[in-house]
Amino acid sequence: QRAGIRVLAVDVKAMGADATITTDNSQAGQIACTHLARELGGKGQVVILNGPSVSSVLERVEGCKKVLQQYPQIHLLSDTENAGGSRQGGREKMIHLMTAFAHIDGVFSINDQIAAGAEQAAKQAGRNELIIVGVDGAPIAKKRLKEADTLLRGTAAQFPNRMAERAVELGYRLMKGETLANPVQLIPSELITRDNVDQYPQW
């Protein structure tokens, strides 16, 4: 910026950027956990598989917890386990949580890679009573949603193509010297479940 270069943040917020385009991550957490709560019939014991302290993760967890607070019979057992964003991290942290808690009904994962690892750990432990929701709409989640033995019940989809298109548009306008009336733009997330997974193309 000191050199006259305009800065655009895409997918995650960056302090001081001239414009920001991200998924509406709070909304993603809300729709995923609304689906989780409904699948649980409004009651049960839930854990959150958290991730790195970046804006997208913080907002997803905040959105999820906002929803869960509306269900007095849902008890949040843990929300601090940082699975690092990876499948291996999801597996390791899920093993830890299953050791700590004898019964878990639901899991909210901040992304689909963590969700995949959590599902692997649960299946290996024979803990087929729990259900999992994630965020991303990643190919791995779409594949599992179609399979009969899945514990995954939904994922709040991101749309990288829409994000990229908007980024190019806003970046070009910034480059031309325009002042943007709305420098922070959020791309809404949509819930993918078993019922509608075939309607969504792969990334």
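Reply: Before we look around, a cavity is a set of points, on a 1 Å grid over the protein atoms alone, where a 1.4 Å probe fits but cannot get out. Its volume is the space filled by probe spheres set on those points, with points joined across faces, edges and corners. This is a predicted model, so local features need pLDDT of at least 70 and side-chain atom pairs count only at pLDDT 80 or more, while totals for chains, interfaces and linings use all residues. Residues are numbered from 1 along each chain as its sequence is written, and side-chain values use heavy atoms, with hydrogens and water left out.

Me: How many cavities of 30 Å³ or more are there, and what volume does the largest cavity have?

Reply: There is 1 of that size, and the volume of the largest cavity is about 40 Å³.

Me: Which residues line the largest cavity?

Reply: Lining residues have an atom within 4 Å of a point. Here they are Asp 112, Ala 115, Ala 116, Glu 119, Ile 140, Ala 141, Arg 144 and Leu 152. Two elements give two or more residues each: helix H4 (112–124) and helix H5 (139–145). H4 supplies the largest share, 4 residues. Helices here are DSSP runs of H or I, at least four residues, numbered from the N terminus.

Me: And what about the largest pocket: how much space lies in it?

Reply: A pocket is an open set with protein on both sides within 12 Å along at least five of seven lines. The largest pocket holds about 160 Å³. It has 13 lining residues, and Phe 159, Asn 161, Pro 201, Gln 202 and Trp 203 are the closest to its centre. Helix H6 (residues 160–175) gives the most to this lining, with 3 residues.

Me: What lies over the face of Phe 159?

Reply: A charge sits over a ring if NZ of Lys or CZ of Arg is within 6 Å of the ring centre and within 35 degrees of the ring normal. In this model Arg 162 does that for Phe 159, 3.8 Å from the ring centre.

Me: Is Asn 196 buried or exposed?

Reply: Buried means under 20% relative accessible area, exposed over 50%, and partly exposed in between (1.4 Å probe, protein chains only). Asn 196 comes out at 15%, so it's buried. Its side chain reaches the backbone nitrogen of Thr 193 at 2.8 Å.

Conventions
A polar contact is a pair of N or O atoms within 3.5 Å; within protein, one must be able to donate a hydrogen and the other to accept it, and residues adjacent in sequence count only if both atoms are side-chain atoms.
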